[in-house]
Every structure is written in C-alpha cells, then in structure tokens.
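Q: I have a structure open for the first time and would like to learn how to read it, feature by feature. Could we go through it together?

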Amino acid sequence: MEIKVDELAGVKYTAKDFASDVDVKWCPGCGDYSILAQVQRSSPDFGERKENIVWVSGIGCSSRFPYYMNTYGFHGIHGRAGAIATGVKLANPKLQVWVATGDGDMLSIGGNHFIHLCRKNIDVKVIMFNNRIYGLTKGQYSPTSEKGKVTKSSPFGTVDFPFNAVKLATGAGATFVARSFDRDPKHLQDMINRAAKHHGAAFIEVYQNCPIFNDGAFSLLTEKETKPDNVIVLEHGKPLVFGANKEKGIKLDGLNPVVIDLSDGKNSVNDCWIHDEFDDNPTRVFLLARFSDIPNFPVPIGVFRQFSKPTYDKDYVQQISDIQAKKGAGTYEKLMYTTNIWEVR
Amino acid sequence: MEKEKTQEKEIQSLTEVTVRFAGDSGDGMQLSGSQFTETTAIVGNDLSTLPDFPAEIRAPAGSLAGVSGFQLHFSSSDIQTPGDSPDVLVAMNPAALKVNLKDLKPNATIIANSNAFDAKNLKLALYDTNPLEDGSLAGYNVIPVPLTQLTMTALQDLDLSVKEKDKCKNFFALGIMYWIYNRPIDVTSKWIESKFARKPLILEANKRALQAGYNYGETTEIFTTRYEIKPARLPKGIYRNVSGNEAVALGFVAASLKSGLNLFLGSYPITPASEILQELSKYKDFGVITFQAEDEIAGIASAIGASFAGSLAVTTTSGPGLSLKTEAIGLAVMTELPLVIVDVQRGGPSTGLPTKTEQADLLQALYGRHGEAPIIVLSAQSPADCYFMSVEACRLAIKYMTPVLLLTDGYLAFGSEPLRIPEFKDLPEIPVNFRKDAEGFHPYLRDENLARPWAIPGTPGLEHRIGGLEKKDIYGNISYDPENHQVMVNKRKEKIEKAQQDVPDIIVEGDQQGELLVLGWGSTYGAIKEAINHVKAQGYQVSQAHIKYIHPFPKNLGDVLRKFKKILLPELNMGQMATVIRSTFLIDVIQFNKVQGQPLKVSEVENKIKEVLGGQNGN
Ligand code: SF4
C-alpha cells in the first residue's frame, strides 16, 4: 500500500505556522533559540506541506527541538535519531525528514548511525548543534571538546582529541556538508534552505553557544572584532578570501593551503583557491575541513560540498517497482503455494 | 539380469524412521538432509527435522569440531519431534562417526564412506584403529561404501577438477538413501537443474552422482532390503514443508497482505535469526522493505521509525541482539507504537552457543527493560506454528498499539515440519484504522481496547510529537507530574492486561484433572507430547497443557493448574517459567531443566514423568 501525501499546491505558510504551542524551555541566551527561529523562518520555503515534514531527534538539549516544531515529530532515545529517521524515510519516502541532534548525541553515542546514514546516502537532513559540551547532563566534555578542556568530568583537562565533524561527514559519504553559526541568522537560514532542497544525506554543523556550560566557545568566530580574521565564508566559484577588507586569501601550494597577504603586492586574488562545491573528489573538502584544526587559519563556514548521488530510499523504491513490474505484485497464492507443495486428500 | 536381482530384494514396511546425515561442514550434509526432507514431504510422510551444525563455518576438515549433521524423522503417522536416536547414520568421515555414534539406536545402520577412513582422517578423529575394521561396531549394521571412489568413477569423463567431482559425493549418498527408502529422485533432480542452471557441467555431475547412487543401491548386493513408509494420514489440505525461520518470514508477509500495510524489517544479521532477514529480502514483489541496519539498535530503531510512519514494522534477532534492543523496546512501549520483535533464542549468556537452542531469554522478554514496561510476549511451539504466531504477533501489535515479542529458538528456527497452508480467508483479520479526523484528536486518546490512535505523518491536521519522555494522559505533551506518571503506568499495564481478551483458553490434552499435568511452553511441545503418548501407552494417566501466550497468560491457566495434584514443567533453562508460574499463581511446580544447547529428548521427559509418578501407572 502506498501512503499518499498531498502536494503543496497553493498553500502559503509563515514562520508562525511552524511553531507548536509548547513553551520553549532552553536556558535564556541559549544558541538553540536562534537555530529554532531560523528553521521556522526557512520552513515556508521548503516547498513541503507541514504534515509531510518529520523532525526526529535523540537526547540532549538540542533534541527537544521536535517538540517546538508544528510538524510531525519524534523525540527518540540517545544517539538513535539517525536510525529512527531512516525508518521513517524508508517507510514513506515522500516525507521530508530532518534530524535535530547534538555533538554528543550524534558523534558519540550515535556515531555509528551517523556514518551509516551518510554512507547510504539516505535522504535525511541532519542539523547538528555543536556546543562542544554535554549540556543536558550538566557540563561534561563531548567528542568535539578541544584537547585539554577542563570540564566537570575532566578537572585536569581532557587528553582526547576532538572529532572534526565536517571531515567525518565527508569521509562517511554525506552528499551535502555545510557549517554555520547560531549567531549568523541569514547564513544559517541559507544553509537550512539549501539542505532542504538537497536530495541525499545532508549535514549541517551549527556552532552553537551554550552560555551555561561552555560560554563563549565560539566567540572568536562570532564577535564583530575577531570574526573577519578568523572566519572564511565559502561560496561556490568564489576565491577564498577573508579579513575585514578581504585582504587575506588562501592559496593552494600543491596539497598545502597557505594564507597569503593580498595587500603586499606580491599576491593577488587570482592566486587564491576557488571554491568548488560540486567537486566530486573530496580531497579539497578535507583540506578545507582541516582549516579549523590549524592554528591561525580561518574557520570555514558555508557549503563545503554538495553533489548528487543516487539515494538509498529512491533506489530501494526503484528496485521494488522493477521487481513488481517483472513479477507482478505479490499475492497470497504466490506467497504460499509456489514452492514444493503437496495435497492430502 | 540386473532387474531380476532387484526383484530378489525384499521390501519391508516401516511406520517410522530416523536418519541422520553427518559429515564435514563442507560435505554438503545440510543440503542432502534438506533434499531428502523435501522429497519425503512430497511423498506424503509426516516429518520433523533438526540440523545440528558447528558455530565455525569451516572448522578444519576431518576434525571433530567440524562435524555437521542433519536429522530427519519421518513416519506414516503423526509425529512431533525429529526423533531421539537415529536408526540410520550416513557418516561421510571418521569424525562424523565418532561424534554421532553415541546417539544411535542399538543395531542402527551405519552407511560410511570407507574412502574417508584413511590414516589422516582417523587420526584427526582420534581413532587409533579403523572402526570399520576393528570390530568395535559389532552391535551395528555397518555398510562401508567407497563413496568417493564411486563418485569419481561415475563422473570420470566429465571435464571437472577432482575437487569439483569430490563435492558431488553427497548426492551419491543421497541417491543411495532414496533407493533404500523407496523415494523418487526427481524432486532433487529438478532442484539441481534450477540451482545449477548456469553451470551445466556441475549440474550434470550432481545429477549423475545422484542417479549413480540410486543405481548402486539397486544393483549391488550390499543392500538387501528396501523400506517403505506409507504416506501419513494427515488432515486434508495443501501442505508445504517449512522451517521455523521461514515460517516466521511467511507469517509476516501474510500479515502484511492481511492488514494492507507495507512490511518493514529492520534487522542485523545474527545466528540463528538471519534466515528471517534473508527470506524476507526475497519478497520485494510484496513491497517488503528489509533494512539491513548497521547494528542491532539501528535495526529496532529504524523499525520504530517505520511504525511511526505507518508500516507493519518488525525486527528480528537472538539473545545478544535482544539485550541491545531493550532500550528501544522501552521507547516503543512509551510511544505506544505497534512493533513485533522476534527473538530466536540460542545458548547464552553472551555469545554462548550461537548455533544451539535454549529457552533462557524468557525472563528477559518479560522483564528485561528498565521502568515499568509491560509488553505482549508470545511463543511458538513448532516450526509450522511459527507461521501462525507471527501473524498473531502482528495482529496484536496493531490492535493494542504495542510491542509484541515473539519467542522462538534455534531448534524451531532450523527444524522443519509440514505446514498445512491455511486459506487466506481463514487467517485472522488485521484491521488498521489510521486516524484521519483532526476533530478532537489527541495522540494519547484511547479506544475501547485502550489503544491510542495511529496518526501517521502525511495526515493533514494531525501533526503531533511523541517520544520517550512521560506523556500527559490523553494529550501526549511532556509531563513530569507525579500523579500523571502513575496514571500512565497504570494505563500501559491495563492495556496489555486487556489483551487477555484475545488470548485463547489453554487447552488440556487428556484428562481435565488428575495426578499430573505436564506444562510446557515454546519448542518443547513435541517432545512432551510424544513422551506422554509413550507413557499413556504404558498405562500412566498424564495430561498436557502448553503455553503459547506468555503475557498475558490465558484466563483459565490458574484454574487449569489447580485441577492437578502435580505439575511437571520441563524447560530448556534453569526454571524461568517455573518462577513466573509460582509468582503469578502461588502454585508450585516440579522443575525439569536442561541447558545443554540441545532440545529435550522424548526419553528424558518420559523418564521424568515416570519418576514423578513413582511407577503409579495404574497397573
Ligand atoms: S545547557 Fe546549554 S545547550 Fe542546554 S539549553 Fe542550556 S544553554 Fe542551551
């Protein structure tokens, strides 16, 4: 039985239509509020009726997200949002399925589901709120906490290395990989909208401030004074330049990215690396993703990569319809009476 | 000449025979066994089978650890088990002989591949001398057959390697067995033709080996007797042979057809449950989605997602996987979504005995979740019964919007017996009412069965959020209210108890009251039934009752138990059902427990019954 859904046809929504009647209960000043607002503002542009949108989450502060969206929602168990979302999508591929998750939920306990969702290129869109801390459990280090971080569960500093989520998603095969900030509403809306339009496993890492347990984790990247020198905005077909007056650029020296000074007369913008989102060779994406791990390099935001590849859900549906076309739809007679049967009279 | 010789051979009529094929895991014994089974089924005997194979896929050739066996019990009357002890053993090498000898009946026939009894294999099987020659098998009817050599000769002009030819010897052995038991070879010939359609030489070789084996039986003087086992007088109908795993898969597809829902299986390969996944993956023409997940948890989590979105969602596993799935089962309890979990029990704990059978997951099935998390628990009592119970599990899951856990085990999963195929109209109805009406909708409203509405994404006006946090009664919003928690815990419990209205009364076979009731559950049904038949024939008065609905129990179970002075409860664990019976009814039972990875034997139950009754057989 095919589960039918209605087309958008003429329905016009505003952001309000996507707000549920539940009181939002994050801490005051939490970056999650902004992410929610940007999703609600973007949703009218998804081209989907709201009953065809499903938000799935795991456990953590970010995972309360579905309760606040006036769509279908499923607040799952810790780490399993990716797997639950996969089931929703396969059961009814016409639904638009989103996952709201955090760094702990998705990269620690849910790591396995995350990489396999990317590998299979299931048409599910994942927004990972990365605050580099466990918020809901009150302040333990997370898999994205920087090495040496002092937290409640690492009073002498962590000794483990953090995950680079963009690298992980790219390596696992996600076909849309982007990064944005809670503090940059326009940019975040843009990323959300583009993920909505993408077919395949889409991943947006959102650097999100947790004022209670990890305040200011990203302030270098979000404060007016320091942002220009520390953030580089990726745009397809554009050179990699940054700085308050776009006076700095990134050049590729073989496989080594180097920061160049565009004001010294020796280098020009023509020497800069031109960003190509659609490059299906991930090598440059890895180089870009590494920026955030190299001291004195700007942290890239924007779409790292977007390419088109058959999705698991589409191929599965196709396989079923091919086989049904060949064999005809299944019937009880075919099920039970085809292999070696005999009659007792 | 040849013909005359044949006519001299005596044909003896038998009512039942148990044969066991045994060899190296690479010898194709499972294949010989299952082919003999197919043919025997089509000939019309009642039958029951049990494969027995090592956990290692290919232990060293010729070693004791690598022996794989397939046992088949067939009869001209109704039978329930694969038989305690074989009448005939086909032993492809010394290790197979050594491992299986202790199980054979006195005077059993042993057909041994004499070519394999060379110095190397004898040493691997820890024989100092050749048992075929040293007189140690004097109590048996030993028939040495140079199977390897005969197969090579039969295939000598085929352009195949020695290894490829050698692989055909299981068909030669099968041919001999067909001749001895007077069965046609064409079912297997046809199977070979379809299986090896793309490898014409192998096809030819296997067919020839089969025919040569058959001819060998007919022409040599080694075999003086052929046996005939008349078709069984089974109830009228159309039959097919099914293993338990196959039956579970068929039941799910049937339930999908009956309910009109798409079937979604989220699963991760695990012995001995993988065949359900494999079997279901064939049914794409039925729209079945088999999602082979990245792990056990994703298997069930994807199924829960699919259930939320309106599929008939199932997940299949064995003990270790069930442990991993428990948190998610709790989520399905909380979100009150229909979900069927099949646990094909195996020897535990931990990795335990993956290919062996056990009933030791009962308490985990009933109680193995944190919090108050009642679910419906069912069990199947025979391979064919797996079909009906899997349909039933789906029906109850949907009717009560709840997870249902179906317990089978390795013995049922791999064992097989004829299934009388029910007509589609005779299967229970599985009505599905997706909520459509937005008027007055709340996610945790309840119907007369206390089930909440199934409102699936895509339905306008019913957008709602569910999850693992406690729900406000009726409205489904998050609620931390103490009284509300109590209300919801009560409602979830009452709902499962309510399902007792769908549980048929337990049937007592035999006298309805008396000295002894043998109570069982799950796969022990057959052994208990045959044991009771035996002791009754000796004048004992014993009744049998078998539990299939474990939670909730049948309404009349307590009353039934109280009508007997003694209750004997055999189970393949240390007394888990005994614990449940005692705590539910405050009735004591006599435990009979066996945890050896092997099914109950008829003789074991028989002896225990006699022990309990202390020779009070009324004589
Ligand atoms: S703990 Fe941090 S992440 Fe969680 S709601 Fe509060 S501010 Fe936000």
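Q: How many bridges join β7(A) to strand β11 of chain A, and do the two run parallel or antiparallel?
A: Before answering, keep in mind that this is a predicted model. As a general idea, strands of a sheet pair through backbone hydrogen bonds, and the pairing may be either parallel or antiparallel. Here 3 bridges join β7(A) to β11(A), residues 299-306, and the two strands run parallel. Within this pair, A:Ile232 stands opposite A:Pro300 of β11(A).

Q: How many residues of chain A are in contact with chain B?
A: An interface can be read by counting residues on each side and then asking which elements supply them. In this model, 54 residues of chain A are in contact with 63 residues of chain B. On the chain A side, the elements that each supply at least two residues are β2 (72-75), α2 (81-91), α4 (111-120), α10 (312-327), α11 (332-336) and β12 (341-344). The most comes from α2(A), which gives 8 residues to this side. Sorted by class, the side of chain A that touches chain B has 28 nonpolar, 18 polar and 8 charged residues.

Q: To which strand of chain B do bridges join β12(A)?
A: The partner is β9(B), residues 237-243, which is joined to β12(A) by 4 bridges, with the two strands running antiparallel. In this pairing, A:Val344 has B:Gly237 as its bridge partner.

Q: Why does B:Gly305 count as buried?
A: Burial is judged here by counting neighbours, and the cut-off needed is that 20 or more other C-beta atoms lie within 10 Å. B:Gly305 counts as buried because it has 33 C-beta neighbours inside 10 Å. This residue is found in helix α12 of chain B, residues 296-308. Leaving out residues up to four places away in sequence, B:Gly305 touches A:Ile84, A:Ala85, A:Thr86, A:Gly87, A:Val88 and A:Ala91.

Q: How many other C-beta atoms lie within 10 Å of B:Ser189?
A: B:Ser189 has 15 other C-beta atoms within 10 Å, and is therefore partly exposed. Its place is in helix α8 of chain B, residues 186-195. Beyond its neighbours within four places in sequence, B:Ser189 is in contact with B:Lys207 and B:Leu210.

Q: Which residues lie on each side of β3(B), and are they buried or exposed?
A: In a regular strand the side chains alternate between the two faces of the sheet. For β3(B), B:Asp46, B:Ser48, B:Leu50 and B:Asp52 are on one side and B:Leu47, B:Thr49 and B:Pro51 on the other, and all are buried. This strand is joined to β4(B), residues 67-75, by 7 bridges in an antiparallel arrangement, and B:Leu50 stands opposite B:Gln71 there.

Q: Which residues surround the ligand?
A: Around the ligand are A:Trp26, A:Cys27, A:Cys30, A:Asp32, A:Cys61, A:Asn131, A:Gly135, A:Cys210, A:Pro211, A:Ile212 and A:Phe213. By class, this shell has 8 nonpolar, 2 polar and 1 charged residues.

Conventions
Residues are numbered from 1 along each chain as its sequence is written. Chains are lettered from A and ligands numbered from 1 in the order in which they are written. This is a predicted model: local features need pLDDT of at least 70, side-chain atom pairs count only at pLDDT 80 or more; totals for chains, interfaces and linings use all residues. Two residues are in contact if their C-beta atoms, placed from the backbone, lie within 7 Å. Ala, Val, Leu, Ile, Met, Phe, Trp, Tyr, Cys and Pro count as nonpolar, Asp, Glu, Lys and Arg as charged, and the others, Gly among them, as polar. Two strands pair if DSSP finds at least two bridges between them. A residue is near a molecule or strand if its C-beta atom, placed from the backbone, lies within 6 Å of it. A residue is buried if 20 or more other C-beta atoms lie within 10 Å of its own, exposed if 12 or fewer, and partly exposed in between; C-beta atoms are placed from the backbone.
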